[in-house]
Amino acid sequence: MTDTISKKLESKIDNKLISKAKRSPLEDGFKKGKVVNEVLDKPTVMTLYKMITDHIIAYVNGSISAGKESVLFWGVDENDVNVALKIYLVSTSNFKKREPYIIGDPRFSHLKKGTKNLVYLWARKEFRNLSQCHDAGIPVPKPIYVTNNVLAMEFIGENGAPCKSLLVSDVDENDYNQAISILKDLYHKAKLVHGDFSEYNIFKTNNGLVVFDLGSAVDLRHPNAQEFLKRDIYNITRFFNKRGVPVENSDELFEEIVK
Ligand SMILES: Nc1ncnc2c1ncn2[C@@H]1O[C@H](COP(=O)(O)OP(=O)(O)OP(=O)(O)O)[C@@H](O)[C@H]1O
Ligand SMILES: [Mg+2]
């Protein structure tokens, strides 16, 4: 009996989540209509359903990208505005490697152990980091909502296709200057170090660079903040240098930022 109800509910949710799916099958192997139930566990589907009843989104229109620890879905709200849904996968055990980015951050000193807990916390951490950046005027996707392992934010791109990252864009000195100025603003205005600042995590939009993937970002008081900053500077410098853009010396830039 409960089984039938549960089955009915499940199919109702699936229908609701994908009711207006318009997209053709995606390159990454997800077929429309199968997206939700094949990738996500039940609690996550319930969380998405709650986001619909809470009017955060009207429906899920397809997937954007599938990583090992998170998947990105394309949601649409009731005003037909696109929303990016970053869903942290509860089932992945890879979260061990994320611990160093949370433990040591005084904003999360009350941490309880356990993977599920950590996944939920990670989603809240990224939301909080995005909010801190947004409030400081740093170009990031505007955070909209977070609950459990699902983070909703401004969709950067068009028609369900995300904007190109720096990796797959032509870049020039102006982009380099913007990237460095974002790094500086992260440090001085948002009081954060990104922790994964690279060509993979920066969109090049028509209105300039937009930095994203802020799950790893740490408070300046984190014991490894300086080490992470050094790595961020080194990585982005190496990228622009490889692309033939004149760059500042990494160590000097580091000293300039932290002085
Ligand atoms: N706000 C957004 N709007 C549109 N697309 C987005 C947004 N955020 C992320 N994406 C897309 O999803 C991809 C993965 O996002 P993100 O880097 O935040 O997740 P991740 O867990 O680090 O995945 P990966 O391991 O692939 O980097 C991005 O490369 C981008 O194409
Ligand atoms: Mg990323």
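## The shell around ligand 1

In this predicted model, ligand 1 is surrounded by 20 residues. The closest are Gly67, Ala84, Pro141, Pro162 and Asp213.

Ten residues of the shell are nonpolar, six are polar and four are charged. Four strands each supply at least two shell residues: β1 (59-66), β2 (70-76), β3 (82-88) and β5 (150-154). Domain 1 (26-161) and domain 2 (163-258) each give at least three residues to the shell.

## Helix α7: length

Helix α7 covers residues 225-242, 18 residues in total. At 1.5 Å a residue, α7 should span 26 Å.

Which residues of α7 are buried? They are Ala225, Phe228, Leu229, Asp232, Ile233, Ile236, Thr237, Phe239 and Phe240. Seen down the axis of α7, these buried residues fall within an arc of 160°, so they line one face of the helix.

The buried residues of α7 are covered by several elements, including α6 (173-188), β8 (192-193), β11 (218-219) and α8 (250-258).

Gly244 follows α7. The phi of Gly244 is positive, near 80°.

How values were computed. Residues numbered from 1 in each chain as written. Chains lettered and ligands numbered in written order. Predicted model: local features only at pLDDT ≥ 70, side-chain atom pairs only at ≥ 80, totals over all residues. Near = placed C-beta within 6 Å. Nonpolar A, V, L, I, M, F, W, Y, C, P; charged D, E, K, R; others polar. Domains from an automatic or database assignment. Expected span 1.5 Å × (residues − 1). Buried ≥ 20, exposed ≤ 12 C-beta atoms within 10 Å, placed from the backbone. Arc of directions from axis to C-beta. Contact = placed C-beta atoms within 7 Å.
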